[in-house]
Structure formats: structure tokens, C-alpha cells
Amino acid sequence: MSIRLRLTAWYTGILFVTLLIFSSAVYGFVHLYTYEELKQRIEQQADKIGFTQGAVEVLPNRSSAISLEEADLYVQTYTFYNGKLWQSQNMAFSGIQFDVPSVEKALNSKQAFKRVTVNGNSFLVFENRVVETNSGKLFGWIQVGANTRTIEQTLDRLQSILIMGSAATLVIASTLGLFLARKSMKPIGKVTEAAEQIQKGTDLSVRIEYDGPQDEIGQLIGTFNGMLERTEGFYKELEDAYAAQRRFVSDASHELRTPLTTIRGNVDLLQKMWEVAPGERADMDEATIKQISFEAVGDISDEAKRMSRLVNDMLSLARADTGQTFELDPVPLQPLVEEVARRAHFLEKTAEWHVGELSVLNGVYVEGNKDYLQQMLFIFIENAFKYTPEGEVSLDVVLYKGQVGLRIADTGIGMDKDEVPFIFERFYRADQSRGITSGTGLGLSIAKWIIDEHKGSVEVVTRRGEGSTFIVWLPVVFAPPLE
Ligand code: ADP
């Protein structure tokens, strides 16, 4: 059974019980009140009757008889010893007669109200015995009655009205209730529809449109839409990550294929050369064979080195991808940068190496990891040398607004402005660099990861043919720890 039917059934059931109680109470109250009032009237009138109670018979006195007829009451008296029956005029006229009990019964009965039916008419009759004032002997019997037809009719009508009214109310209320329940449940249907749509397909951009009030259903839809938005975000992130990973794997295999092809080519060459005994070769003498072999081995060694560099870089990035982080401690920058500057002298280079004033770093600490910071600086410096065939490469430092800037500038080949956003991407190599210099395209990705882990940032200024400047900004820990 659907919620809306259940709700309507409950609602109608409760209304039915309420109406039943209410109608019974109204009917009961009106019934009681009307009969009580009639009883009071009869009693009052009966009290007013003055008896003419002589030797002859029991009779109401004249004035009370008139008032009784006006009051639309029927009065009957009976005198036991002579069997004389007296009736008020209206009673005699309509031919009605109330039953009179026998003397024995009358002796034992007290004054009481009775419901009697005479000639198909219902009456409420008050009856009492009349006793002789002096002797206390039973003398007669008096009955005062009122026709209850009108009251019964009114009560019947009231009953019909209550039954019909209640039934009509129930029908209207249940129809309206069903309509309202359907209306208020409609948005839930939309939620289900949207959920089904998502379950069947992969479209997470579906949202439930709702412009109603922010009631329970409004809140439910809001929450559902919020949930969809978050799920869509997660899904997109996941998709992006998956796509990046696929790209990474395909790029990595592509990059590994080149050195492997070179190595295999050289190995094949060596194999072919050495299969033939040195003396049997007509085209090459021993010195040439030695020379070619030496070059091939050199190539193999270079490519092997390149591969191991590539694998190391990929390993670093793979570690970074798994969310692996490193310990951060306050690191004094001066000795760290000085060491990098000194070791940079031994790098393979064709440009001059200039180091600026590093004494400003005295007492400057950053929250970081010494090894990773050095690795990051070497990536920038090696790149600068690599892309500066002639000219100079310099390293200097600036302090600005609680940050320290490590600036590596070169006067090399530079880059186009539109290439800058991509250089930190994995395997990206600017067109100009491809073929001219060897590289994996992973160095700057690793540097960027190290900078991010240090909560720093990097700034690039470059122009094609004029050189590039990279500034790495790191937050400074002003108070060096006590040692
Ligand atoms: P690579 O191994 O190719 O150097 P990187 O990730 O270190 O890979 O650099 C990505 C690309 O950014 C390089 O291929 C090069 O095109 C460009 N690049 C990086 N540093 C410089 C620089 N100092 N001068 C000119 N181009 C640079």
C-alpha cells in the first residue's frame, strides 16, 4: 500500500472515529436535553394541578385545566371507587386514553414517567396516585402526558442529518485527503525518478527542480541535490584522476620505449659485429670495430642512465600520488642554499654560474625537509643550465612579507608565454626543448609537488630567446627554534 493511500486511510479512520464520537455526543445531548425539558414541563404542570377531591371524583380545578390544554398536555384522572374517568378536552377530542393500573398495582407504584404508545402515537406520561388527605387511602390516579411525536421527529431528523453529514464529510475529506497526499507526495516521486535515472545511466548532472516551500520535502530535495552535486564532484575528480593516471602510464611507456629502442638497436649492432671473427671482415678493421663498439656501449650507458632517471622520477611522483608526505622540520636556509650553490659548480654546463648575496638568509628558517628542498632547487638549476647554451645562470634570494623567494634566473632559450601553464604538468616538454635537449618532462612536476608540500608557490617570468626566471616562495618561520 502506498504512503498516500495509507495516509488517507489513517486520516479518514481518525475522522470517522471523531465524527462518530461527536455525532453521538450531539445526539445524546439533544435527546437528553429535550426529554429533560419536557419532563420538567410535565412535572411543573402536574404540580400546579389542584385537585378537586371530594366524595365524587378526582378532578383538576378549572383554572389549571385550561392552562393544561393551552400547554398542549393531556390530563387524565381516574377515581377508583366509582370507576370515573375524566380527560382534558383535547384528550377526549382525539380519542386517546392512557392505561390505568389496577388498585393493587397503583398501591405499590410511586410517581413515575412512562413512555406509552396509544393509537400509534408516542407519549411521555407522568403518573401518580391521589390519596385522601386525612385517611391516606388510595383515592384515584392522575396521568399527565405529552405527545412526543414532534420531539421524535426532530431527533430522527437530527440523526439523519448527523449520519448524512458525517458520511458526506468522510467522502469529501477522504477525496481531498487523497488529493492533498498525492500533491504533497509528488515531489518525492520526482526524487525517486531522478534517483532511478541516475541508477540507470551515468548522468550525475541531473537535479530535481523544486520551487515549493522549504518544508520537509523541500529540505529533502535540497539535501538530495547537494548530495548529487558532491557525488558529481567526486566522480569528476575520480574521472580526472583516472584520466591523468592513464595519460601518465601511456606517456611513461612511450618515454621508456625510446631508450629501450636505442639500447636494443645498439645491442643488435654489437651482436652482428661480434658474430663475425675480426679477421674475416673485409669492410672493417679492428680499430673501426672497437670504435663503433665503444660508441654503442656509450649510447647504451646513456640511455640506461636516462631510463633510471625516468624511473626514479616516476617513482617520486607515484609516491606523491599515493599521498605520501615527508617530515617537516624547521630548516635553516643559509647553509642549505650555500651547499646547493657550491655543488652547482660541478653540474654539466655551458653557461656561467653566478650566486648572489646569501647572507640575508642568516637566521631564516622554513618549515621543510632539507633533502627535498635541495632536490627542488637542483631541478630548477639543472633546467636553467640545460636550456642556456650560453650566457649565465644566477641564484639569489629575496625576503618579502614573511616569505623567502629563491630566484633562479637564466639568459637561455626562454619559453612562449602560453607554454608556461603546462610546464608543471607531467611529461610536458615545450616544443623547442624536444629534440634539442634530453629530458623526461617530469622535473618540474616533482618540483611543484615539493613546493606544494612546503605550502609555497612558484612564479615564472619568461620570454622566448631571452631567458627565464623562476622564483620559489616559501613561508618563513621567523623565530628560529632554540638549540
Ligand atoms: P625536462 O626534463 O624536459 O626539463 P621539466 O619538467 O623539468 O622537464 O620541464 C618541462 C619543460 O619546461 C621543459 O621541457 C622545457 O621546455 C621547459 N623549461 C623548464 N625550465 C626551463 C628554462 N629554464 N628555460 C626554458 N625552458 C624551460
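Good morning, colleagues. Please bear in mind throughout that the model before you is predicted.

I begin with the overall division. The chain is split into domain 1, residues 3-155, domain 2, residues 257-321, and domain 3, residues 329-478.

My next topic is the boundary between domain 2 and domain 3. Taken over C-alpha atoms, the centres of these two domains lie 32 Å apart. How many residues of each are in contact? Nine residues of domain 2 meet 10 residues of domain 3. Between them, domain 2 and domain 3 bury about 890 Å², and carbon and sulfur atoms supply 64% of that area. On the domain 2 side, the residues that lose the most area to domain 3 are Arg306, Asp313 and Leu317, which together account for 48% of what that side buries. As for salt bridges between domain 2 and domain 3, the count is zero.

I turn now to a pair of helices, H8, residues 333-344, and H9, residues 370-386. Their axes come within 10 Å and cross at roughly 40 degrees, and the crossing of H8 and H9 is right-handed. Which residues make this contact? From H8 come Leu336, Val337, Glu339, Val340, Arg343 and Ala344. From H9 come Lys370, Leu373, Gln374, Leu377, Phe378, Ile381 and Phe385.

Thank you for your attention.

Key: Residues are numbered from 1 along each chain as its sequence is written. This is a predicted model: local features need pLDDT of at least 70, side-chain atom pairs count only at pLDDT 80 or more; totals for chains, interfaces and linings use all residues. Side-chain values use heavy atoms; hydrogens and water are left out. Axes are lines fitted to C-alpha atoms, for helices over the stretch in contact, and angles run from 0 to 180 degrees between N-to-C directions. Helices (H or I, at least four residues) and strands (E, at least two) are DSSP runs, numbered from the N terminus. A crossing is left-handed if the near helix is turned anticlockwise from the far one by less than a right angle, and right-handed if clockwise. Contact means heavy atoms within 4.5 Å. Domain bounds come from an automatic or database domain assignment. Buried area is the accessible area (1.4 Å probe) that two parts lose on being put together, summed over both. A salt bridge is a side-chain nitrogen of Lys or Arg within 4 Å of a carboxyl oxygen of Asp or Glu.
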